[in-house]
Amino acid sequence: MAVEAGTVVGAREGGARFPFPFSPYRIQEEFMAALYRALEAGGVGIFESPTGTGKSLSLICGALAWLRDCEERKRQDEARLLQEPEQRDRESSPGGAPDPAAGEPAWVAEFVQGKAARDRADRAKEEQIKRKKREERLEKIRHNVQLKYASKRKKCEDDETERLLQLSKEILSKEAGSDVLEQLDHNEEELILAEYESDEEKKVGAGLDEDDDDLEEEHVTKIYYCSRTHSQLSQFVHEVQKSPFGKETRLVSLGSRQSLCVNEEVRRLGAVQLINDRCMELQKNKHEKKNEGEETAGKRRRVSRAVCPFYSYEQMQFLRDEVLVDVKDIEQLVTMGKKTKACPYYGSRYAIPAAQLVVLPYQMLLHESTRNASGIKLKDQVVIIDEAHNLIDTITCIYSAEVSGSQLCCAYSQLLQYMERYRKRLKAKNLMYIKQILYLLERFVSVLGGNVNQNPNTQSISQAGTELESINDFLFQSQIDNINLFKVQRYCEKSLISRKLFGFVERYGAPTAVKTNKENQKTTGLQNFLLTLQQGPEKEDPEIDQLKMASPLMHIEGFLSALTNANQDGRVILNRQGTVSQSSLKFLLLNPAVHFAKVVKECRAVIIAGGTMQPVADFREQLLSCAGIDADRVVEFSCGHVIPPENILPIILCSGPSNQQLEFTYQKRDQPQMMDEAGRILCNLCNVVPGGVVCFFPSYEYEKQVYTHWEGTGLLTRLATKKKIFQEPKRANQVEQVLAEYAKCIKRCSQVGGHMTGALLFSVVGGKMSEGINFSDDLGRCVVMVGMPYPNIKSPELQEKMAWLDKTMPKTAGQAPSRMLIENLCMKAVNQSIGRAIRHQKDFASILLLDHRYARPAVFNKLPQWIKERTLIKTGFGQAFAELRKFHREKSCYRPASS
């Protein structure tokens with residue numbers, strides 16, 4: 001991997017050279033050096049670098065510098081391997097005496113050693129040829145030598161046009177007068193399940209020729225970088241583009257079909273599962289058309305099935321090379337796919353073997369079946385997981401699943417009517433599996449206390465409550481322990497039954513789709529049933545509502561898959577509410593380490609990074625230790641912040657202006673005097689803090705309760721004379737609007753001046769604004785945390801997790817694992833929220849923690865190091881207020897312009 005000379009500032013640490021676009025901070029040099037050592041040693045690293053310290057750039061330059069050196073060593077080893085056979089041939093002499101120690105002649109041992117060396121050399125030579133071939137091809141594209149690809153593209157487009165015209169003619173001729181069994185039209189033919197030939201998984205071709213050397217797996221050392229959202233990934237790719245490695249790195253961005261699909265017909269489906277299934281169906285149709293050939297005389301003519309015009313092998317080859325030539329993010333990849341008439345989803349996947357840096361979302365890397373389906377091979381590779389503060393929860397959520405009674409009943413009705421409609425057309429094995437799925441659905445509803453044949457909205461549950469069971473106990477109670485769930489899961493995956501069922505409901509579920517002839521009268525039962533379900537008590541987000549109603553089997557497949565986990569690693573929660581419709585079954589994963597272990601076991605090194613990783617005990621014990629990772633392999637690194645110490649003022653406040661001790665426990669926080677004291681503190685703050693103040697509450701309910709109380713006491717009116725008040729919305733689509741108005745108000749106040757000094761934002765810990773939102777500069781001059789946001793320990797899921805931890809893990813410093821979990825969850829949430837204020841070197845802010853419990857050593861030590869070392873503990877409000885007034889008065893004299 002070459003880096004342009006003369007364009008970078010070199011940082012050198014421990015013998016390694018780190019090209020950097022500017023002179024790095026000392027903490028960035030330390031970060032890169034520690035990262036390099038961890039990758040070289042094959043370690044598992046927990047890296048913490050506060051937001052605003054250039055973490056992304058440090059990750060990029062540190063990791064790609066290591067990759068550069070790794071590739072150079074590989075080339076040197078390759079050259080030595082190629083020389084070994086020649087040297088051995090020159091040094092070897094004919095004959096030789098027997099070796100008494102080995103019990104065989106020396107020439108035999110020499111021959112065996114020589115053959116092994118020649119084999120190694122042959123493999124090295126083969127890899128070298130492939131690499132040179134790929135480099136030459138990419139170099140030609142880089143210099144616009146693309147005539148071959150242009151002609152290929154034109155030929156492909158012409159062929160595709162001709163094929164589509166022919167397809168249209170065939171459809172028209174068949175609609176005109178073909179004798180189709182049961183008089184089904186060609187659209188309905190697509191709803192019928194194909195013959196399911198085997199219970200064993202078959203390798204489904206990806207549309208590639210097996211003898212295609214271009215796409216054969218090369219042993220290219222890769223770094224897999226993953227983060228939570230597509231916006232975070234795009235931001236990372238832009239950092240790579242700006243880095244010294246941006247010109248030469250072969251980077252590929254992976255994403256879901258929902259993000260990358262360019263087929264408008266498929267994109268219109270909206271929901272990700274529908275898009276996935278439709279895409280696979282179109283791809284399958286293309287393979288069938290390729291392999292079918294001409295039907296023999298006397299057989300029923302097959303009806304033409306739709307295929308995707310963007311699934312073109314030649315064009316996806318071209319797109320693959322374009323991806324490898326220049327660093328592109330998801331948006332650029334989609335634009336290129338539309339331009340070249342090639343599928344970005346598969347084109348990017350074909351680029352994985354030759355790529356050096358693969359950028360992808362969490363789900364694609366952490367979910368095993370998604371990882372395998374995407375062609376991601378982790379053997380001896382490097383994985384970097386960024387924004388990993390919620391990694392344990394992320395893995396738990398990925399492998400957990402929930403289905404409602406309404407979904408179970410709806411799926412049963414749909415599937416039953418589908419089977420009745422096409423019984424004569426379905427093969428025996430399909431019917432067998434459909435009957436098994438129907439039986440499973442019937443038993444699931446029964447275990448909730450309902451009847452699958454009755455309307456779930458009107459069926460009352462006699463014994464409401466929540467029950468937790470092990471997987472095995474649930475299978476026995478449901479009387480489904482005799483069914484092989486692995487085979488049922490595989491059948492659902494391979495047959496695309498949920499997609500077929502969705503098509504069936506699309507055709508007959510809506511009132512406009514149901515015909516009146518005798519043949520279709522049997523489907524009116526499904527229509528009526530769906531209509532009764534749609535009259536349920538509450539409406540959700542339209543897309544989720546559409547997916548739950550139209551294709552509930554897709555959700556149920558996830559639940560069936562979850563039931564195939566090991567018995568000790570999860571629990572099934574039976575949540576019985578007023579009606580069957582409101583009741584649900586949920587699988588809760590208790591041991592995320594079992595899935596993370598598969599990633600770590602294969603990789604050369606794994607780096608878990610984030611801006612706020614404290615407290616790290618959860619990662620060490622729940623994830624790494626439970627995954628069987630040796631403690632010697634684990635590396636921890638935490639750096640300070642780039643801001644000067646005088647630019648941050650964290651204060652733990654133990655009592656308020658009227659000497660009321662601040663203790664916002666669940667028992668005391670509802671007391672009027674406690675809410676009044678918090679209000680008085682805010683009033684005083686708003687008098688001295690310029691710009692924006694962000695106040696975090698433990699929950700939406702408590703924020704609403706406090707807001708209502710302050711409204712009644714007139715305190716809100718007093719606050720509004722200094723700061724305009726905003727509240728965090730519950731709906732995600734309203735967050736941007738509230739933030740824009742909040743920022744606009746602060747900017748206007750700073751420009752105009754006057755009595756109003758800015759804005760006050762009431763937010764919620766763990767809500768939309770506690771993560772991923774930057775309150776930099778004037779947007780967050782003070783962050784206030786009201787109380788300690790402990791999770792609800794009455795939650796059945798949390799109680800089960802606590803019991804499981806106490807049973808499987810030892811005590812730490814005399815403290816039960818369950819108690820540690822509660823404290824760590826609380827402090828992770830606090831650290832995420834208070835870290836929102838400081839975003840760059842020249843930023844400044846005060847942080848106020850309103851609760852005396854923060855001063856306890858066990859809690860205090862879980863604050864991030866760069867905050868903890870500057871925190872003041874104040875028992876009285878007077879001292880704290882004096883410090884705050886002095887801090888903001890000094891800063892206001894030379895504060896930078898607000899952004």
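I count two strands as paired if DSSP finds at least two bridges between them. Helices (H or I, at least four residues) and strands (E, at least two) are DSSP runs, numbered from the N terminus.

A note on the source: this is a predicted model, where local features need pLDDT of at least 70, side-chain atom pairs count only at pLDDT 80 or more, and totals for chains, interfaces and linings use all residues. Residues are numbered from 1 along each chain as its sequence is written, and side-chain values use heavy atoms, with hydrogens and water left out.

**Sheet.** I looked up strand 9 (residues 382-385) and found 4 bridges to strand 14 (residues 605-610), running parallel. Val383 sits opposite Val606 of strand 14. I then traced the whole open sheet: 7 strands in the order 7-8-6-9-14-3-15, with parallel pairing. Strand 7 (251-253) and strand 15 (634-638) are the edges, each pairing on one side only.

**Helix 23.** Phe559 and Leu560 are among the buried ones.

**Cores.** A nonpolar core is a set of buried Ala, Val, Leu, Ile, Met, Phe, Trp, Tyr and Cys residues joined through side-chain atoms within 4.5 Å. The largest has 120 residues, and Phe559 and Leu585 are among those touching the most other members. Helix 17 (residues 428-447) gives this core its largest share, 10 residues. Apart from it I noted another core of 41 residues, including Phe47 and Ala609.

Technical notes:
Buried < 20%, exposed > 50% of the residue type's maximum accessible area, 1.4 Å probe, protein only.
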